[in-house]
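Subject: Handover of a structure and a summary of findings

Dear colleague,

Please find the structure handed over below, together with its sequence. I would be grateful if you would read the notes that follow with the structure open beside them.

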Amino acid sequence: QVQLVESGGGLVQAGGSLRLSCAASGGSFSNYAMGWFRQAPGKEREFVAAISRTGGSTRCVDSVKGRFTVARDNAQNTVYLQMNSLKPEDTAMYYCARAYSSAWGVPPVQPNAYNYWGQGTQVTVSS
């Protein structure tokens, strides 16, 4: 059974940085794209960033471009989300997820392309 465990969230002032980690177990981590999503209270879950199985292709939502970076370490079965220049609007629960197909070279952005999800880690940015 695949398990994903996020960590690294917390409370930070606007302009600060956090690095989220997602440790995977129970599956062939290096065969699948990984994604990061977030959900703020009262809002739908939204795509943040994703990375291909080799790390050679990444995608991110326009609102975080230039501030967030997604990376992975296949030897450690871990995917990261480095978040810099944080803004209050980045406040949300952040989730990592594993794509359901190993065939995709470009990481997908749709939530329904992912079938394993972590429990989430809270990020709160104060103004």
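A residue is called buried when its relative accessible area is under 20%, exposed when it is over 50%, and partly exposed in between. Please keep in mind throughout that this is a predicted model.

Trp104

With those limits, Trp104 counts as partly exposed, because its relative accessibility is 27%. This residue sits in the loop that connects strand 9 (92-99) with strand 10 (114-117). Beyond its neighbours within four places in sequence, Trp104 is in contact with Arg53, Ala99 and Ala113. Arg53 is 51 residues away along the chain, yet the C-alpha atoms of Trp104 and Arg53 are separated by 8.4 Å.

The loop between strand 9 and strand 10 also holds Gln110. Gln110 is partly exposed as well, because its relative accessibility is 42%. Its C-alpha atom and that of Ala40, 70 residues apart along the chain, are separated by 17 Å.

The nonpolar cores

Which residues touch the most other members of the largest nonpolar core? They are Trp36, Val48, Phe68, Val79, Leu81, Met83 and Tyr94, in a core of 26 residues. Two or more residues of this core come from each of strand 3 (18-25), strand 4 (34-39), strand 5 (46-51), strand 7 (68-73), strand 8, strand 9 and strand 11 (121-126). Strand 3 provides the largest share, namely four residues. Another core, of eight residues, lies apart from this one and includes Ala33, Phe37, Phe47 and Tyr114.

Leaving aside neighbours within four places in sequence, Val48 is in contact with residues including Trp36, Phe68, Leu81 and Tyr94. Among its other contacts are Arg38, Arg59 and Cys60.

Cys22

Cys22 belongs to strand 3. It is buried, because its relative accessibility is 0%. When neighbours within four places in sequence are set aside, the contacts of Cys22 include Leu4, Val5, Glu6, Trp36, Asn77 and Cys96. Cys22 and Val12 are ten residues apart in sequence, and their C-alpha atoms are 19 Å apart in space.

Two residues with positive phi

Most residues other than glycine have a negative phi. Asn77, one of the contacts of Cys22, has a positive phi near 50 degrees and is not a glycine. Asn77 is found in the loop between strand 7 and strand 8, and is partly exposed because its relative accessible area is 26%. Ser85 likewise has a positive phi, of about 50 degrees, although it is not a glycine. Ser85 lies in the loop between strand 8 and strand 9. It counts as partly exposed, because its relative accessibility is 40%.

Asp90

Asp90 is also placed in the loop between strand 8 (78-83) and strand 9. Is Asp90 buried or exposed? It is buried, because its relative accessible area is 1%. The side chains of Asp90 and Arg38 are joined by a polar contact of 3.0 Å. Not counting residues up to four places away in sequence, Asp90 touches Arg38, Arg67, Phe68, Ser85, Val123 and Val125.

Arg98 lies in strand 9 and is buried, because its relative accessible area is 8%. Arg98 and Glu44 are 54 residues apart in sequence and 19 Å apart in space, C-alpha to C-alpha.

How many cavities of 30 Å³ or more are there? The count comes to one. The largest cavity has a volume of about 40 Å³. Its lining consists of Val2, Leu4, Ala24, Ser25, Gly27, Ser28, Phe29 and Arg98. By class, four of the lining residues are nonpolar, three are polar and one is charged.

Yours sincerely

How values were computed. Residues are numbered from 1 along each chain as its sequence is written. This is a predicted model: local features need pLDDT of at least 70, side-chain atom pairs count only at pLDDT 80 or more; totals for chains, interfaces and linings use all residues. Side-chain values use heavy atoms; hydrogens and water are left out. On a 1 Å grid over the protein atoms alone, a cavity is a set of points where a 1.4 Å probe fits but cannot get out, and a pocket is an open set with protein on both sides within 12 Å along at least five of seven lines; lining residues have an atom within 4 Å of a point. Grid points are joined across faces, edges and corners, and a volume is the space filled by probe spheres set on the points. Ala, Val, Leu, Ile, Met, Phe, Trp, Tyr, Cys and Pro count as nonpolar, Asp, Glu, Lys and Arg as charged, and the others, Gly among them, as polar. Buried means under 20% relative accessible area, exposed over 50%, partly exposed in between (1.4 Å probe, protein chains only). Contact means heavy atoms within 4.5 Å. A polar contact is a pair of N or O atoms within 3.5 Å; within protein, one must be able to donate a hydrogen and the other to accept it, and residues adjacent in sequence count only if both atoms are side-chain atoms. A nonpolar core is a set of buried Ala, Val, Leu, Ile, Met, Phe, Trp, Tyr and Cys residues joined through side-chain atoms within 4.5 Å.
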